[in-house]
Amino acid sequence: MEPRTSPLLAHVLRLRPGQDLLRSLEAYVATHGLEAAVILTCVGSLDGASIRFANREEATWIPGKHEITSLVGTLSASGGSHVHVGIADGDGVARGGHLMEGSRVYTTAEVTIGVLPALRFAREPDATYGYDELVAYPKE
């Protein structure tokens, strides 16, 4: 894939208790028409997490209160999203994988989203494994 470049703008938002983390991020990029966004950082906590682990088809529900130790991914209003989360319980035991709907904010989620205004993200089939994978195009 040919490298693509763009200036970077930042959006900062705070999600509140009870909000679905993934749905809220996807709604934000849709509302603001963001076509190429990346999660730069997130601190906060979840009250239960729905995570799809590597090489599994189904999500796993992890009950309880957890710190968000990592949130990374790509978001696009028209090109879909791909977000991974790392969480840790009260004993520091960490788990991570694909963030799925149903992961609810416990106290807060302070998220910084980087926007690449010169680009547009798309997801296209990759013959290697048959998944739709990220492609970045110049924004027209």
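This is a predicted model: local features need pLDDT of at least 70, side-chain atom pairs count only at pLDDT 80 or more; totals for chains, interfaces and linings use all residues.

Q: Serine 45: buried or exposed?
A: Serine 45 is buried, at a relative accessible area of 5%. Buried means under 20%, exposed over 50%, partly exposed in between (1.4 Å probe, protein chains only).

Q: Which strand holds serine 45?
A: Strand S2, residues 37–52. Strands (E, at least two residues) and helices (H or I, at least four) are DSSP runs, numbered from the N terminus.

Q: What does the side chain of serine 45 pair with?
A: The side chain of threonine 107, through a polar contact of 2.7 Å. A polar contact is a pair of N or O atoms within 3.5 Å; within protein, one must be able to donate a hydrogen and the other to accept it, and residues adjacent in sequence count only if both atoms are side-chain atoms.

Q: And which residues does serine 45 touch?
A: Leaving out residues up to four places away in sequence, the list is His66, Glu67, Ile68, Arg104, Val105, Tyr106, Thr107 and Thr108. Contact means heavy atoms within 4.5 Å.

Q: Threonine 108 is on that list. Where does threonine 108 lie?
A: In strand S6. Threonine 108 counts as buried, at 13% relative accessibility. Its side chain makes a polar contact of 2.7 Å with the side chain of arginine 14. Beyond four places in sequence, threonine 108 is in contact with Arg14, Leu15, Val43, Gly44 and Ser45.

**Strand pairing**

Q: How many bridges join S2 to S3?
A: Nine, and the two strands run antiparallel. S3 covers residues 60–76. Strands pair if DSSP finds at least two bridges between them.

Q: How does S3 pair with S4?
A: Antiparallel, over nine bridges. S4 is residues 80–88. Threonine 74 stands opposite histidine 82 there. S3 and S4 form a hairpin, with three residues between them.

**The helix**

Q: Switching topic: which residues of H1 are buried?
A: Leu21, Leu22, Ser24, Leu25, Tyr28 and Val29. They are on the same side of H1, because they cover an arc of only 165° around the axis. The arc is that of the directions from the helix axis to the C-beta atoms.

Q: What covers the buried residues of H1?
A: The cover includes S1, S2, S3, S4, strand S5 (94–99) and S6.

Q: What caps the N-terminal end of H1?
A: Aspartate 20. A side-chain oxygen of aspartate 20 lies 3.2 Å from the backbone nitrogen of leucine 22.

Q: What follows H1?
A: Glycine 33, with a positive phi near 60°. Glycine 33 is found in the loop between H1 and S2. Glycine 33 is partly exposed, with a relative accessible area of 36%. Its C-alpha atom is separated by 11 Å from that of leucine 75, 42 residues apart along the chain.

**Cores and overall shape**

Q: How many residues does the largest nonpolar core have?
A: It has 28 residues, and Leu21, Leu71 and Ile113 have the most contacts inside it. S1 (9–15), H1 (21–31), S2, S3, S4 and S6 (105–115) each supply at least two residues of this core. S2 gives the most, with six. A nonpolar core is a set of buried Ala, Val, Leu, Ile, Met, Phe, Trp, Tyr and Cys residues joined through side-chain atoms within 4.5 Å.

Q: What does leucine 71 touch?
A: Beyond four places in sequence, leucine 71 touches Leu21, Leu25, Ile39, Cys42, Val83, His84, Val85 and Leu99. There is also a second, separate core of five residues, including Ala36, Leu116, Phe121 and Ala136.

Q: How many helices and strands does the chain have?
A: One helix and eight strands. The order from the N terminus is β-α-β-β-β-β-β-β-β.

Q: How compact is the chain?
A: As compact as a globular protein of that length, because the radius of gyration is 15 Å, close to the 14 Å that the globule rule gives for 140 residues. The radius is taken over C-alpha atoms; the rule is 2.2 Å times the number of residues to the power 0.38. The C-alpha trace spans about 45 × 35 × 20 Å along its principal axes. Buried residues make up 39% of the 140.

Note on methods: Residues are numbered from 1 along each chain as its sequence is written. Side-chain values use heavy atoms; hydrogens and water are left out.
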